[in-house]
Amino acid sequence: MKSLGIANRRSNLAPSYIILVLLLGFALGPILVMGFNSLKNPKEMGANPLGFPQQPVWENYPNAWVKGNFALTTRNSALLVAGTVAGVLVLGGMGAYSLAKLKLPGSDLFTLYLLIGSSLPIQLFLVPLFFLWKNLGLNNSLFGVIIIYIAINSPFAIFLLRSYMVQLPADFEDAAQVDGANEWQVFWKVVVPLCWPCFLTVGLVVALAVWNEFLIASVFLTEKELFTVVTSYYNFSTRFSRDWGLTSASAVMMILPIIAIFLVLQRQFIEGLTQGGLKA
Amino acid sequence: MRQSVIQMEGEYFGRETRWAQRKRFFRKRIVPWLFILPILLINLLVVIGPSLSALYYSFTDWSGIGAAKFTGLDNFSRLLFTDTSFKRAFFNNLTWLVIFLTIPFALSLGAASLLARVKKGAMFFRIALFIPYVLPGVVVAQTWRFLMNPIHGIGAELTKIGIQGLDIAFLGNPKTVMPAVAFVDNWHWWGFLMVLFLAAMQNIPQDLYEAARIDGANQWQEFRHITLPGIRPTIIFMILMSAIWSFLVFDYIWILTQGGPGGASEVLGTLVVKNAFFKFEAGYAAAIGLAMSFLAGIMISIFVVLRRRGWDI
């Protein structure tokens with residue numbers, strides 16, 4: 001009787017698995033085709049556009065690396081990611097600590113301000129910001145874009161870090177304060193080490209957002225030497241739009257690090273991204 | 001002699017107390033602000049300041065360089081009454097809204113409820129279906145530009161095996177361009193929505209389902225009467241966010257078509273960029289940006305009003 005029930009339930013699951021596998025094909029199929037195509041020359045691309053490459057052309061990768069100027073653009077994107085993540089974690093962490101632990105007078109007001117600020121669309125302030133940055137000499141400067149990225153990503157970071165810090169028991173801070181530590185020492189030596197999982201999550205989400213960002217990067221970094229991986233790929237794929245092998249190879253080089261880091265730290269990524277979607 | 005010692009002690013302690021008071025005031029009132037000040041200043045400089053000046057510039061004729069000329073409501077009357085590209089962009093944003101409030105929700109709710117039942121491999125499916133969401137838009141766009149290509153994309157291959165009619169230039173045809181771009185955006189978006197819904201579904205107590213099964217409910221009834229009400233707050237919140245984002249959409253449209261062909265996929269977001277940086281009409285661009293924010297604001301207001309009226313959302 002019992003085994004019949006289990007068998008029954010299992011047969012109920014078969015259609016679910018079939019649909020899920022189809023959805024899996026829908027989600028990963030295009031990525032797979034891109035991987036195949038990165039190994040084809042134009043001739044094979046014409047004969048066999050979707051299938052497995054018959055004679056893999058590995059030269060597409062070094063070619064794309066050189067023609068796409070990846071050495072330079074990877075450096076630019078990495079600098080943007082590092083600067084923004086450091087800025088958001090330190091400055092946003094300090095803000096969150098003030099809101100969560102220091103009983104900032106008017107902290108409700110500040111939270112409201114962050115909510116409004118974070119829901120303003122970029123297109124609203126993009127135009128005046130562009131001309132302000134131009135006057136300040138911050139256009140075509142990685143530093144200028146890092147400042148913008150810090151401002152845009154910090155509300156999400158503050159919300160997440162604050163909700164994490166609020167849950168920390170006050171015992172550790174009290175003990176540190178009895179030992180004569182000031183607020184900065186408490187923040188740096190006690191709160192940050194205790195919150196590092198949350199800092200890691202926030203850092204990953206911000207890093208992904210900056211690495212993939214398109215609008216700000218294409219408006220504020222127009223000099224070729226300052227192109228990011230994304231804006232450079234955008235130009236590259238328009239210029240070599242017919243050489244699908246080459247553009248596919250550079251696409252694979254762009255997404256491999258993302259997918260690798262995502263797979264290793266998928267729990268933190270998914271947690272951070274879904275909470276970010278709900279809070280910021 | 002004795003008195004003066006007491007006096008001195010009094011003065012000494014008095015000063016100590018005042019100093020301690022000042023220190024306490026500093027720690028209670030000033031230090032919290034010192035911690036939040038840097039990020040506050042950056043936010044004011046980047047977001048709030050320029051947003052307020054956008055408000056002003058929307059009432060001016062301004063090329064972006066030099067002085068802005070105050071022109072009152074000219075920009076707004078142009079936007080409402082004479083600019084046909086604004087009207088078309090607005091309707092395209094509405095199309096986007098309709099598409100994104102239906103298809104991704106149906107797809108992700110369906111997939112999440114299937115996945116919630118599954119034990120073996122659930123983790124694998126969850127991670128794999130999430131991957132498109134972490135890819136950069138330029139790569140997603142280029143991949144689908146290839147797959148939708150009429151000469152060697154999926155449509156062409158289907159024609160070879162006898163399924164006709166799909167080998168058309170979806171992105172080059174004014175009739176199909178909006179659904180085609182929305183399809184590409186949705187390909188990278190629905191997995192994220194599914195993972196959100198799945199997380200919400202896992203918080204529904206299992207005994208509700210067991211009770212329903214004992215009562216003889218089928219899968220659809222379980223979904224309709226337990227799953228949907230159980231994750232309602234998440235669904236409603238994502239409906240609100242999708243409605244807001246539908247008026248702010250930019251990336252995928254710009255990357256795939258730049259608003260073309262012939263303005264057929266123009267949205268408010270692409271109009272702002274074109275006016276500000278290609279036509280040097282920064283004042284008018286600011287007005288369009290303001291209109292976008294206004295439309296997003298209306299979505300939030302509808303939400304708030306319905307809630308006040310007692311809708312349980």
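**Group meeting: chain A, chain B and where they meet**

Okay, let's start where the two chains touch: the contact draws on 67 residues of chain A and 66 residues of chain B. Keep in mind that this is a predicted model.

Which helix gives the most to chain A's side of that contact? That would be helix α1 of chain A, residues 2-37, which puts in 11 residues.

Now let's look at chain A by itself. You can count 14 helices there, and zero strands. How spread out is chain A, then? Its radius of gyration is 24 Å, while the globule rule gives 19 Å for 280 residues; 24 Å is well over that, so chain A is more spread out than a compact globule. If you'd rather think in boxes, the C-alpha atoms of chain A fill one of roughly 75 × 75 × 35 Å, along the principal axes.

What about the inside? Of chain A's 280 residues, 44% count as buried. Here's another one for chain A: take the contacts between residues at least 6 apart in sequence, and 74% of them join residues at least 24 apart.

Definitions and conventions
Residues are numbered from 1 along each chain as its sequence is written. Chains are lettered from A and ligands numbered from 1 in the order in which they are written. This is a predicted model: local features need pLDDT of at least 70, side-chain atom pairs count only at pLDDT 80 or more; totals for chains, interfaces and linings use all residues. Two residues are in contact if their C-beta atoms, placed from the backbone, lie within 7 Å. Helices (H or I, at least four residues) and strands (E, at least two) are DSSP runs, numbered from the N terminus. The radius of gyration is taken over C-alpha atoms; the globule rule is 2.2 Å times the number of residues to the power 0.38. A residue is buried if 20 or more other C-beta atoms lie within 10 Å of its own, exposed if 12 or fewer, and partly exposed in between; C-beta atoms are placed from the backbone.
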